Amino acid sequence: MQRTPLRRLAALALTAVTAVGGLVAVQSPAAAVPQGFDHTIYWNKVLLKTYRAVGGPPTVLARAGAMMHLAMYDATASLSGEPTYLARVNRIPNFNYDGDANMDIAAFKVLQAVFPSRDFSTDYANSRVYPPVGEPGPEGWSTSVGEGTAQNMINARANDGSGNNTAYTPTIAAGQWRPTTAGPKGIAASPNWGRVTPFALTSGSQFRPPLPGGFTSITAMLTSSAYANQVNEVRQFGASNSTSRTTDQTQAAFFWANDLDGTYKPPGQLFTHTQIIAAQRGGYTAKLFALVAMAMADASIAAWDAKYETGIDLWRPDTAIEEPQSDGNTATTPNAAWEPLSTAADGTHFSPNFPAYISGHATFAGAWAGIMKRFYGTDAVTFTATTEDPNAVGVQRTFTSFSSAATENALSRLWLGVHYRWDADAGLTTGDAVANRVFGNYLR
């Protein structure tokens, strides 16, 4: 939460008190809380720093974000009397509670549980540089509420299916996905994620879209004119050497990519854009980030359900275009030399290691835009967005609405050569359905 100017002034005269695990430690007087210091934003930045360090698929990263931000929200909501996501944690008599301190301990404990190989002690210490505001209770200050909401979240997600590492067995059947990169980087990523227990949805399949193009079998899809149009559009606009793709489309393709380890990945980019909007328009950041995080976590589950849990685990465009095996469609012609624009750090061209339909980027984008426009009560918000993709260093792009940003995010995957248009369209629709479910039923 952002502190008010009155609380900042009050902090000048107080002695810093840090309470961890019920033990109270009195510190020397600390500096006043600086204007704009927001503990939700602080921990979101710690989260993104962690994304860059650990890498991996966006699925597990989105889950971590939801766990942290929901535990933080539950800490402040438990203290303020607002509706919580999980069970409310009550205060202990004779202690006083600082909302920021309890959010800090909640974030710290969740991150330490989700990423046990990393040490967040310094991040926690930095979050507690500034003293609590107000008077301590007879027995001092306590962070027991934040500790309780963190433990509630850790317990709630302990058996959610995220640890299911059952291997995926690819097939060479026409139309079905198979690895396009040799070695470990080609192994199917998060093949069981569609079965993970969602945060808000009834199941990963609650908003499952129809099969690609609305076809009921892979043979009908492959031999259709609709499929040929999808493939040939990517062939033309998504090739590494395309002469049809505009300079602006090429920039957008890389701007939204963030597929490479070392970046903040797609969820991190959208979290950063949430920071930008929150700084610009204000709002209850603990709730905003909890809603965005929950929607993106469930967007990953819904998208990965569509990718792996239906009769068509759709192959990527590079496989559809490059491989000599026939798809039975006279309107598509194999081209073994074709490569997508998508570029790895070593300059090679690649596709992400999971099926194409539906697009994860598009589903994340639809969920993000859906929460943002509902939270602020309008879609018409102009903002300038940023990226960490190494192929778009320093690039900024300005949008006049949340939905226009989401649409460009979705279509960028076609220009990058890794998705078909129907992957983008279905992803946006699914993501918005997830956002509507989250916003309409949680943290009200």
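Where is leucine 443 found?

Reply: Happy to walk through this with you. Leucine 443 is found in the segment after helix 15 (421–441); helices here are DSSP runs of H or I with at least four residues, strands are E runs of at least two, and both are numbered from the N terminus. Before going on, note that this is a predicted model, where local features need pLDDT of at least 70 and side-chain atom pairs count only at pLDDT 80 or more, while totals for chains, interfaces and linings use all residues. Residues are numbered from 1 along each chain as its sequence is written, and side-chain values use heavy atoms, leaving out hydrogens and water.

Leucine 443 has a phi near 55°, which is positive although the residue is not a glycine. Its relative accessible area is 6%, so leucine 443 counts as buried; the cut-offs are under 20% for buried and over 50% for exposed, with partly exposed in between, using a 1.4 Å probe and protein chains only.

Asparagine 258 is another non-glycine residue with a positive phi, of about 50°. Asparagine 258 sits in the loop between helix 9 (247–255) and helix 10 (265–281), and it is buried because its relative accessibility is 0%. For a backbone feature of another kind, look at the bond from tyrosine 357 to isoleucine 358, which is cis with omega near 5°. Isoleucine 358 lies in the loop between helix 12 (317–322) and helix 13 (360–376).

Now for the surroundings. The protein has 15 helices and four strands, and buried residues account for 58% of its 444 residues. Along the principal axes, the C-alpha atoms fill a box of roughly 80 × 40 × 40 Å.

As for how the chain meets itself, take the contacts between residues at least 6 apart in sequence: 79% of them join residues at least 24 apart, where a contact means heavy atoms within 4.5 Å. Finally, the protein exposes about 16,700 Å², with carbon and sulfur atoms supplying 53% of that area, as computed by the Shrake-Rupley method with a 1.4 Å probe; for residues, only the protein chains shown count as cover.
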